[in-house]
Structure formats: C-alpha cells, structure tokens
Amino acid sequence: MPQHMQGSAYEEGRWSLDDLFPATSGPEIEQAFADVQAAADAIEARQSALVPEIEETAFVEILEWIVKLTYVTDKLDGFAVLSFFADTEDQEALALRGRVDTLQADARNRALRFELWWKALDEENARRLLKAAGDNAYYLRTLRRFAPYTLSEVEERIVNVKNVNGAAGLAKLYTMITSNLTFDFESDGESIELTRSELMDYARDESPERREAAFRALLAVYETRSAELSQIYKCIVNDWHAEKVALRGFSSPIAFRDLDNDIPEVVVETLLETCRDNTALYQRYFRLKARWLGLPKLRQFDLLAPLEDTVTEIPFSDGVRLVLDTFRAFSPKLAALAERVLADGHVDSEIRPGKRGGGLSWDALPGLTPWILINYGGRVHDVTTLAHELGHAVHAMMAAEHSALTFSPPLPLAETASSFAQILLLEAMLEGADSELRRTLLAKYIEDSYAQILRQAFRVLFEQRAHRMIVDGATSDEICAAYLETLREPFGDSVEVDEIFRHGWVGISHFYTQPFYDYAYAFGLLLVLALYRRYRAEGDAFVPSYLEILSYGGSKAPLEILDQAGFDIRQRAFWQGGFDVLSGMVGKLEGLVE
Ligand SMILES: [Zn+2]
C-alpha cells in the first residue's frame with residue numbers, strides 16, 4: 001500500500017514505482033529497451049562525423065543522443081534495482097536486473113567511441129565545442145580532465161592489460177584473503193569462530209574485558225597474516241607510484257585522487273592540516289567518555305563502548321513531522337520538496353521480510369521525484385536516516401534543471417544536503433530535550449563526526465607517509481611503527497593505544513582498493529559543519545547561497561560551485577569554522593557533566 005497523507009498524519013508503508021514503470025515486464029519495459037537501442041544506433045550512425053572540425057550542431061546532436069541513452073538506461077536500471085530492494089526474493093526483478101546489466105554494458109561499449117574521440121581531441125577544437133555544449137560542458141570536461149596524464153594509445157593498452165592481473169588482481173586477492181578470515185573468540189568460557197563483523201559487535205560490548213578481547217582476537221589474526229598482507233600492500237603502492245607518478249607525471253601519489261575528485265591539491269592539504277590542528281577537541285571528548293564509563297583513562301579498546309540510549313520510541317508520523325518542521329524552519333522551499341517525496345508515495349518506510357536493510361535515496365533521474373528507502377523502527381537513528389535520505393532527495397530536486405549527465409553532485413558534494421539535514425535535525429531535537437537526552441544526542445554526533453573526520457584524515461596522513469616510506473624501501477616493521485605513531489597522534493594522552501594496534505592497518509581495505517579515498521568523508525562532513533556555522537552566524541541570509549550550491553547538482557567543479565556561492569574552501573578559516581561547531585558541542589557536553 002503506498003504512503004498516504006491522511007490530513008497531516010503520515011503512515012508507514014511501501015513505495016509505488018509506477019512513475020518509473022507499471023510492472024517488471026510488459027510493453028513499457030520493452031519500449032524502453034528499444035529506445036536505448038535506437039539511441040545507441042543513432043550515436044553509432046554518426047560516428048563518421050567524429051572529426052576534429054565537426055560542426056557544433058552535429059556535435060550537440062550526438063551529445064543529446066548520449067543524454068537520452070543515459071536517461072533511459074538509468075531509468076531501467078533504477079526500476080530494476082528498486083524493485084529488487086523492495087523484495088530481494090522477487091525473481092522477476094532479479095531477471096530484469098540481469099537484462100539491464102547486459103544492456104548497460106552494451107550501450108556503454110557503443111558510446112565508447114565518442115568518449116575516446118573526445119578525450120583525444122586537440123585543445124583548440126575541444127574549447128570550441130565546449131562552448132556549444134551548454135549545461136553538459138562539465139561532463140565533457142570531466143572526461144578530458146586526465147588528458148594531460150594520458151599516455152600513448154599503445155602504452156594505455158599495455159597498462160590496462162597488465163592491470164587486470166597486476167594491481168587490480170592484487171587488490172582482488174587482498175579482498176579474498178581478508179573476507180575469508182575468521183577469528184577465535186572466547187565467550188563465557190567457550191571458544192567460538194566469528195567473522196569480522198560478528199567479532200566487532202563485541203567491540204561495542206558493555207564489558208571492558210570483552211571489548212579488549214575482541215580487538216585482541218582481531219589483531220592477533222592480522223599479526224599472523226601481516227607478512228603476506230603487507231607484501232601485497234607494498235606491491236600495490238610501488239605500482240601506484242610507478243604508474244601514476246613516474247609514468248603519468250602526477251606530482252605526488254595523492255594528486256591522482258585529488259584530480260579524480262576535482263579538488264585542488266592545496267585545498268586537500270589545507271583540510272588535512274586543519275584536521276591535524278584540531279585533535280584537542282576530540283581529546284576533550286574522550287576524557288569525558290572515560291568519566292562516563294567510570295574509567296581512569298579511555299583505551300583504544302573502549303572507543304566504541306556504548307553509552308546508554310535513553311530515548312523513547314518515536315512513531316513514524318511524529319518522525320516525519322519532526323523532519324519536515326526542521327526543513328521548514330530552515331527553508332519552506334526545501335520542506336515543500338520533501339513533502340512531495342512523501343505525497344508522491346516514493347518513500348518505502350515499513351520493515352518487512354525480504355526488503356533491503358538500511359537506508360538509501362535513489363535520485364538518478366532529473367525531473368522525477370526521487371525514491372527513498374528506510375527501515376523505520378522508531379529510534380532516533382531512524383528519524384536521522386529519514387532526514388538524511390530526504391536531504392539527498394531535495395538535493396536532486398533542486399538540481400532537476402540539469403541533464404542526466406550533469407545533475408548528480410560530484411563525490412565531494414554528494415553528502416552536502418544529507419549531512420546538512422542531519423545537523424539541522426540534531427539542533428531541533430536538542431531543543432526542549434532533557435539533559436540525559438541531550439547527552440545521548442550530542443555524544444552520538446561527536447562520535448560519528450570523529451569516525452568520519454579525524455579518523456579518516458589520519459588514515460590519509462598515514463597513507464601519504466606509507467607511500468613515501470615504501471618507495472624508499474621500508475620494511476613491514478617500519479610501516480607498522482609509522483601506523484602506530486599516526487594512530488596515537490590525534491589522541492595525545494587522552495587515549496591509551498596498545499602496541500598490538502600496530503597491525504591494524506592491514507585490515508583497512510581502502511588502503512588497498514582505493515588509496516587516499518578516505519579524505520572525501522572528512523571533506524564532506526567538515527564542509528557541512530562549516531556551512532552550518534555560517535548559517536548560525538548569518539541566519540536567513542545564508543539560505544539562498546546554500547540553495548544555490550544544491551541547484552548546481554553536478555554541473556560544475558566542487559570548487560567552482562562553492563566559490564560562486566561565496567565560500568572560499570582554500571582558506572583554513574573556512575574549515576576551522578566546522579571544527580568550531582564541534583568544539584561548541586563538546587563544550588555543551590562538558591557543561592552537562594559538571
Ligand atoms: Zn548519504
């Protein structure tokens with residue numbers, strides 16, 4: 001039953017996907033498949049026109065076919081995926097997903113010729129055509145971003161072929177080894193064998209002994225596998241350096257990731273430095289947490305220790321109202337958009353067997369109301385998830401004027417509206433809460449922000465160091481020592497970090513599969529906190545520039561979008577503003593305890 005608004009009451013329910021397709025099979029689906037083929041045929045038929053001196057109108061025509069191809073494939077893909085998420089045992093949805101996967105691969109191959117041609121085109125003609133491309137220019141620029149670092153066609157082919165069984169093969173091997181690891185854990189005098197995620201539940205246990213035992217069980221296994229896992233890492237790092245720095249000419253190992261994110265290196269440096277300068281605020285928090293737990297000093301083993309949850313159940317309609325009121329107090333326009341998501345029956349909120357867990361927002365089509373999936377259980381966390389996913393949805397709706405190629409925000413800005421909605425909700429919930437609830441809400445927020453900002457920033461600081469060391473021939477022991485040092489640095493003397501954590505880095509998969517990726521988390525949340533601080537300082541005058549950021553979608557580079565909206569992320573002071581918000585929260589927590 002789709003979601004209904006009865007008066008002002010919202011009921012939990014299942015979404016309707018009718019705005020995409022009426023069923024997983026039938027004439028509408030077949031028509032969409034035919035449309036994709038027609039678009040691919042049209043692109044292929046125009047391939048002979050792909051010469052450097054191509055007329056602007058002919059170029060734009062091909063581009064429009066690519067937009068159409070992308071739109072319809074995304075629509076089919078979204079429908080197949082959402083049908084499957086709504087019921088993971090739906091065999092028809094599964095079959096449709098298989099068909100769509102094949103279609104996408106085929107469509108991509110058939111449009112590939114255009115991409116390759118565009119990437120290889122000379123600067124002068126590219127500039128001429130970019131002017132004609134209108135809103136799709138940033139998409140085209142993105143394709144050419146790596147041009148200065150591209151090798152000859154023959155070299156690129158060799159790199160591709162060798163990668164499959166080289167660096168990519170090693171990363172796959174790493175994933176295989178680590179996902180098959182099991183851990184022996186003593187529980188109530190009995191030894192049990194656990195997966196990593198089962199084991200890590202004990203790291204969140206009430207008992208300090210069990211928390212410590214969980215980490216020791218984890219790290220003991222990493223220690224025994226350390227020789228092979230660090231050897232794999234060294235090969236990946238050396239390969240990264242040989243290809244990206246030595247062959248392609250990137251100025252540093254991280255520079256590749258910065259270009260991929262389209263963020264200037266100097267901005268990333270400033271971000272990481274500001275993180276390094278703000279460790280004291282989390283140290284204050286960890287000292288507080290030790291006191292709450294009745295410990296003389298927090299140990300790394302206690303970092304995930306639970307604090308009591310004092311919140312009573314929040315009915316769905318209250319949760320929705322709270323989120324909508326929060327949006328409305330900030331901007332009635334955003335609230336109206338969020339309401340439309342609910343009114344259109346695009347929210348799957350109930351818990352039922354076979355439905356995918358967690359929360360997500362699907363907003364891959366400009367002009368269509370996004371769909372969101374949550375599993376509402378009445379906890380604060382569930383209301384937060386609703387705010388987060390509705391944040392994603394309104395971001396997409398604000399950018400609806402762009403094309404299928406330019407409306408999704410770039411990775412560094414992808415969590416802007418979702419995280420902003422969350423901090424607005426926190427503020428709303430703190431109002432009128434008793435001191436126990438305030439403590440729960442603030443502590444949870446600070447802990448999550450630590451995991452996203454400081455922990456991730458220091459991971460990247462470690463990676464930078466490890467890459468330098470490995471290229472210079474460091475041993476595994478030396479890498480472990482460097483890791484322990486980087487792990488200890490942000491804690492100062494507020495947290496005791498046992499020697500055994502030196503082996504922890506071999507378990508962090510992004511080091512192997514996505515080097516330097518993790519600063520994007522710190523970037524995303526700190527950006528939102530910095531924006532929020534400006535909102536607190538400027539009040540309603542801030543709102544239009546915030547809405548402007550959202551309305552760009554993915555039609556410009558992150559730096560350009562923020563510049564145009566009046567935020568200079570090259571400045572250290574901008575990022576510091578984000579930490580000032582967190583520092584204020586820790587201050588409030590300190591006040592509650594005194
Ligand atoms: Zn999100």
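These legends describe close-up views of one predicted model.

Residue numbers start from 1 along each chain, in the order its sequence is written. Because the model is predicted, local features need pLDDT of at least 70 and side-chain atom pairs count only at pLDDT 80 or more, while totals for chains, interfaces and linings use all residues.

**View 1. Domain 1 meets domain 2.** The chain is divided into domain 1 (10-144) and domain 2 (316-430), with bounds from an automatic or database domain assignment. Their C-alpha centres lie 25 Å apart. In this view, 24 residues of domain 1 are in contact with 27 residues of domain 2; contact means that two C-beta atoms, placed from the backbone, lie within 7 Å. Helix H2 (56-86) and helix H5 (137-144) each give two or more residues to the domain 1 side. Helices (H or I, at least four residues) are DSSP runs, numbered from the N terminus. H2 gives the largest share, 9 residues. By class, the domain 1 side has 9 nonpolar, 6 polar and 9 charged residues. Here Ala, Val, Leu, Ile, Met, Phe, Trp, Tyr, Cys and Pro count as nonpolar, Asp, Glu, Lys and Arg as charged, and the others, Gly among them, as polar.

**View 2. The buried residues of helix H10.** H10 spans residues 253-261. Its buried residues are Pro 253, Ile 254, Phe 256, Arg 257, Asp 258 and Asn 261. A residue is buried if 20 or more other C-beta atoms, placed from the backbone, lie within 10 Å of its own, exposed if 12 or fewer, and partly exposed in between. The cover over these residues includes helix H9 (208-247), helix H11 (265-276), helix H17 (435-471) and helix H20 (519-538). Just after H10, Asp 262 takes a positive phi of about 55 degrees.

**View 3. Helix H16 against helix H17.** The axes of H16 (residues 416-430) and H17 come within 10 Å and cross at roughly 160 degrees. Axes are lines fitted to C-alpha atoms over the stretch in contact, and angles run from 0 to 180 degrees between N-to-C directions. H16 is therefore roughly antiparallel to H17, a term for angles over 145 degrees. Leu 426, Met 429 and Leu 430 of H16 make the contact with Arg 438, Leu 441 and Tyr 445 of H17. This contact has 5 nonpolar, no polar and 1 charged residues.

**View 4. Glu 123 in helix H4.** H4 covers residues 123-132. Glu 123 is exposed, because it has 9 other C-beta atoms within 10 Å. Its C-alpha atom is separated by 41 Å from that of Arg 455, 332 residues apart along the chain.

How values were computed. Parallel < 35°, antiparallel > 145°, perpendicular 65-115°, else oblique.
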